Amino acid sequence: MSKPKGKNKRPRKKRPKVFRRKYSPDENYQAMIFFGALIMVVALFMAYIDIKGQKIQDRCTERTTAVITDVQTQTIYHGKDKIPKFGRRYIIRYKFEVDGKEYKDSTRYTYRPGNISGTRIPVYYDPADPSYNYTLNDYSSSDHRRIHFFFAGAGAVLLAVGIIKHKKFKKKSSSGDEPMSQTD
């Protein structure tokens, strides 16, 4: 047994005039400008971080082995009630020796490393200043700059198209070709 069409449907309520909003085609261009600028800024920031990491990798040319001395767990709290929102972060402290002098540093892990005290890990350091060092966990060896610059370019194109369309719309609406909206 099938239901007759049109029956038992609730009529759609219209929103009161107070809550109705008239959209202008110009708002679409403003959104293009906003999101184009946002994509471009985020991509350039990520490229900056990648370039900074590459400079550190270029500076730290010597490799040695470090020993993990301690693993510290930090709970990340967020909100009023101190409820763990993002879980835990693990700080791994290590030490290594260069020319008879001992250096200590740490790195962060987002996953639980387990009981790894005493484990050996590779550390890259600056021969002029061994306190300036990094582990493979700190900086990846891959290069993502091309991807970052691609998204920066795409954001710039979106931004430029939005600005051009916005200017054309403003010019067209000020020439009197489009009727001006009436206020109720």
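Here is a short chat about the predicted model shown above.

Q: Hi! How many helices and strands does the protein have?
A: Hello! This predicted model has two helices and five strands.

Q: Nice. What share of the residues is buried?
A: Of the 184 residues in the protein, 21% are buried.

Q: What about the accessible surface, how much is there?
A: About 14900 Å² in total, and carbon and sulfur atoms account for 54% of that.

Q: Switching to contacts: what part comes from residues 24 or more positions apart?
A: Among contacts with a separation of 6 or more, 64% are between residues 24 or more positions apart.

Q: Now the aromatics, please. How many aromatic pairs turn up in the whole structure?
A: Six. One of them joins Phe96 and Tyr103.

Q: Why does the pair of Phe96 and Tyr103 count as stacked?
A: The ring planes are at 25 degrees, and stacked pairs need an angle under 30 degrees, so this pair qualifies. The ring centres are 5.7 Å apart.

Q: Are those two buried or exposed?
A: Phe96 is buried, at 2% relative accessible area. Tyr103 is buried too, with 15%, because the cut-off for buried is under 20%.

Q: Which residues make up the cluster of ring pairs?
A: Tyr94, Phe96, Tyr103 and Tyr125 are linked into a cluster.

Q: One last thing: which ring does Arg59 lie over?
A: The ring of Tyr132; Arg59 lies over its face, 3.6 Å from the ring centre.

Note on methods. Residues numbered from 1 in each chain as written. Predicted model: local features only at pLDDT ≥ 70, side-chain atom pairs only at ≥ 80, totals over all residues. Heavy atoms only, no water. Helix = DSSP H or I, 4+ residues; strand = E, 2+ residues; numbered from the N terminus. Buried < 20%, exposed > 50% of the residue type's maximum accessible area, 1.4 Å probe, protein only. Contact = heavy atoms within 4.5 Å. Areas by Shrake-Rupley, 256 points an atom, 1.4 Å probe, with all protein chains shown as cover. Phe/Tyr/Trp six-rings, centres within 6.5 Å; stacked < 30°, edge-to-face > 60°. Lys NZ or Arg CZ within 6 Å of the ring centre and 35° of its normal.
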